Amino acid sequence: MKKLKLVSLSLALFVGSLTYASNAEPDTKSEIRSQIIRLLDQKEVNIDSDQLVANVSFMLNEKSELVIISVRSKNDKKNNSIIDTYIKKHLNYKKVKVNKLKVGKVYEMPFKMVK
């Protein structure tokens, strides 16, 4: 298995724009995107595949922390477990500063990890 620096992940983290389940403004999408990239920057992960893709559902709690609800992926079973654990470990309950997201509302975003 090869080690990945998630600098490449930062570049390909979001395919296109974030797909929110609500009417989040473009500035808000950009803010949350850049904060998530910072949280994942320079983290290493071992994967077998050239690319992993998942849809991440999350919400914001009262303390302005990300709460990862689910990580849905069509990758093989081993890589599903890797990407699920990785995202939850590095994003779950991490504080973010985005004023326009509603507390308790579920949002979705695409996640793409490439070598």
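Is Glu108 buried, partly exposed or exposed? Glu108 is partly exposed, at a relative accessible area of 30% (buried means under 20%, exposed over 50%, partly exposed in between, with a 1.4 Å probe and protein chains only). The structure is a predicted model, in which local features need pLDDT of at least 70, side-chain atom pairs count only at pLDDT 80 or more, and totals for chains, interfaces and linings use all residues. Residues are numbered from 1 along each chain as its sequence is written, and side-chain values use heavy atoms, with hydrogens and water left out.

**Confidence**

- The mean pLDDT of the chain is 77, and 77% of the residues score at least 70 (pLDDT is the predictor's confidence in each residue, from 0 to 100).
- Where pLDDT is low, predicted coordinates should not be read in detail.

- An open sheet is formed by three strands in the order β4-β3-β5, with antiparallel pairing (two strands pair if DSSP finds at least two bridges between them).
- β4 and β5 are the edge strands, each pairing on one side only.
- From one strand to the next, the twist averages 30 degrees (axes are lines fitted to C-alpha atoms, for helices over the stretch in contact, and angles run from 0 to 180 degrees between N-to-C directions).
- The antiparallel strands β3 and β4 are joined by seven bridges, and Leu60 stands opposite Leu66 in β4.
- Helix α3 lies across β3, β4 and β5, and runs at about 170 degrees to β4.

**Nonpolar core**

- The largest nonpolar core contains 25 residues, and Leu66, Ile83, Ile87, Leu91, Phe111 and Met113 have the most contacts inside it (such a core is a set of buried Ala, Val, Leu, Ile, Met, Phe, Trp, Tyr and Cys residues joined through side-chain atoms within 4.5 Å).
- Two or more residues of this core come from each of α2 (26-40), β2 (44-47), β3 (51-60), β4, α3 (77-91) and β5 (107-114).

**Individual residues**

- His90 is in helix α3 and is buried, with a relative accessible area of 14%.
- Beyond four places in sequence, His90 touches Leu39, Leu40 and Lys43.
- Asn79, also placed in helix α3, is buried at 1% relative accessible area.
- Glu44 belongs to strand β2 and is partly exposed at 42% relative accessibility.
- The C-alpha atoms of Glu44 and Tyr86 are separated by 9.3 Å, and the two are 42 residues apart along the chain.

**Salt bridges**

- The whole structure has two salt bridges (a side-chain nitrogen of Lys or Arg within 4 Å of a carboxyl oxygen of Asp or Glu).
- Glu108 and Arg72 form a salt bridge of 3.1 Å, N to O, linking distant parts of the chain, strand β5 and strand β4, 36 residues apart.
- Arg72 is partly exposed, at 38% relative accessible area.
- Asp84 and Lys88 form a salt bridge of 3.4 Å, N to O; they are separated by about one helical turn because they are four residues apart in helix α3.
- Asp84 is partly exposed at 22%, and Lys88 is partly exposed at 31%.

Technical notes: Contact = heavy atoms within 4.5 Å.
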